[in-house]
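Here are my notes on the model you sent over. Have the structure open while you go through the points.

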Amino acid sequence: MKFTKRQLLSTIAGLTAITIASCSGQAPDSTSSETDSATPSDTAAEMDGELNLYSSRHYDTDNALYQGFTSKTGIEINLIEGEADELISRMQSEGENSPADVLVTVDASRLWRAEEEGLFQSVESETLKSAVPENLRHPDGLWFGLTQRARVIVYNKDTVDPSELSTYEDLADSQWEGRVCIRSSSNIYNQSLLGSMVESIGVDATEEWAKGLVSNFAREPEGGDTDQIKAVAAGQCDVAIANHYYWARLAKSEDATEQEIADQVGVFFPNQEGRGTHVNISGAGVLENAPNPENAIAFLEYLTTPEAQEIFAKGNNEYPVVEEVSVDDVVSDMGDFKVDTVNVSTYGYNNSEVLQISDRAGWK
Ligand code: FE
């Protein structure tokens with residue numbers, strides 16, 4: 001049985017659809033997935049000149065971007081927001097009738113999950129190739145990085161001198177016994193970090209590291225990255241691993257308590273003398289069954305323009321992928337750092353190995 005695009009959009013349950021042109025510009029909490037809701041059937045355009053975007057990003061600033069694209073191209077965006085795994089299952093069940101043109105999500109290992117399901121098509125675009133550095137995109141053009149996030153070491157300024165810090169590997173040293181906080185190994189950010197280590201130092205060394213790290217835990221893994229930063233500030237642990245933008249978010253907070261937490265905690269970019277600090281991406285790809293593939297490619301190309309990059313990256317205090325685009329002040333104050341340029345697509349390819357390593361290391 002065949003569905004029209006309108007019928008398919010109308011069947012989307014549990015996900016939120018917004019037509020950008022009529023969006024109220026509500027600012028959802030950046031850690032939640034609450035969004036304005038609209039009836040999907042109200043928003044489904046049926047003609048050319050549209051783009052159906054599935055996104056797991058929920059930043060208010062993204063709406064300004066989408067409006068920018070529409071006013072530049074006349075292509076209207078129908079936005080479906082949801083959690084990444086929900087969107088992936090949604091597209092699997094929609095199959096070849098899926099109305100989705102583009103998937104935007106965070107973390108290369110999540111893009112890999114969608115890739116594994118055969119959801120993306122290969123895109124040949126000189127604009128994208130020259131705008132996005134090679135390490136930040138899929139080698140066959142299945143998806144492209146749009147922003148970068150660094151997985152940094154945060155430390156308590158009262159108990160740790162930054163001169164004591166050096167590498168991720170060093171956190172497995174016995175000097176850090178009982179002093180390390182990090183979230184669960186089921187978290188995709190940690191899985192990608194381990195995937196990058198498997199690529200750079202091999203399975204055995206990564207496993208040895210994971211075992212050493214676990215033996216240095218100050219507590220069982222709990223909470224998200226912000227919780228690790230708070231635990232460091234509160235003295236429950238001396239060091240933690242977290243994405244840089246969680247610290248930036250606390251530093252920019254209007255809540256004095258959160259600012260104090262950020263003040264108490266320093267940010268350190270590890271592995272500067274060696275391969276560089278691990279970065280991940282938020283990124284996007286054109287879907288295999290995209291009804292509007294040309295619009296989809298035009299949209300990705302638009303997202304790599306300097307003005308779009310600036311808005312896209314600042315929405316979550318991230319780094320643009322395009323050079324010479326400015327970052328938020330709080331992010332530039334963190335300083336420059338050397339990036340580990342291992343290709344981000346390797347994180348997903350190493351994922352099954354990573355799950356076994358975490359299991360054997362007893363990392364919950
Ligand atoms: Fe995050």
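1. Helices here are DSSP runs of H or I with at least four residues, numbered from the N terminus. Helix H9 (residues 225–233) is followed by Gly235, whose phi is positive, near 85°. Buried residues (under 20% relative accessible area with a 1.4 Å probe, protein chains only) in H9 are Asp225, Gln228, Ile229, Ala231, Val232 and Ala233.

2. A word on the source: this is a predicted model, where local features need pLDDT of at least 70, side-chain atom pairs count only at pLDDT 80 or more, and totals for chains, interfaces and linings use all residues. Residues are numbered from 1 along each chain as its sequence is written, and side-chain values use heavy atoms, with hydrogens and water left out.

3. Now the metal. The iron ion has Tyr189 (OH), Tyr245 (OH) and Tyr246 (OH) as protein donors, 1.9 to 2.1 Å away; donors are N, O and S atoms within 2.8 Å of the metal (3.2 Å for Na, K and Ca), and sites may look incomplete because water is not among the atoms. Their sequence spacing reads Y-x55-Y-Y. Tyr189 sits in helix H7 (residues 188–201) and Tyr245 in helix H10 (residues 244–251), so this pair, 56 residues apart, links distant parts of the chain. Tyr189 and Tyr245 are both buried.

4. Which residues line the second largest cavity? They are Met91, Gly95, Ser98, Ala100, Leu119, Leu287, Glu288, Asn289 and Ala290. A cavity is a set of points on a 1 Å grid over the protein atoms alone where a 1.4 Å probe fits but cannot get out, and lining residues have an atom within 4 Å of a point.

Conventions: Buried < 20%, exposed > 50% of the residue type's maximum accessible area, 1.4 Å probe, protein only. Helix = DSSP H or I, 4+ residues; strand = E, 2+ residues; numbered from the N terminus. 1 Å grid on protein atoms, 1.4 Å probe; cavity = no way out; pocket = protein on both sides within 12 Å on 5 of 7 lines; lining within 4 Å.
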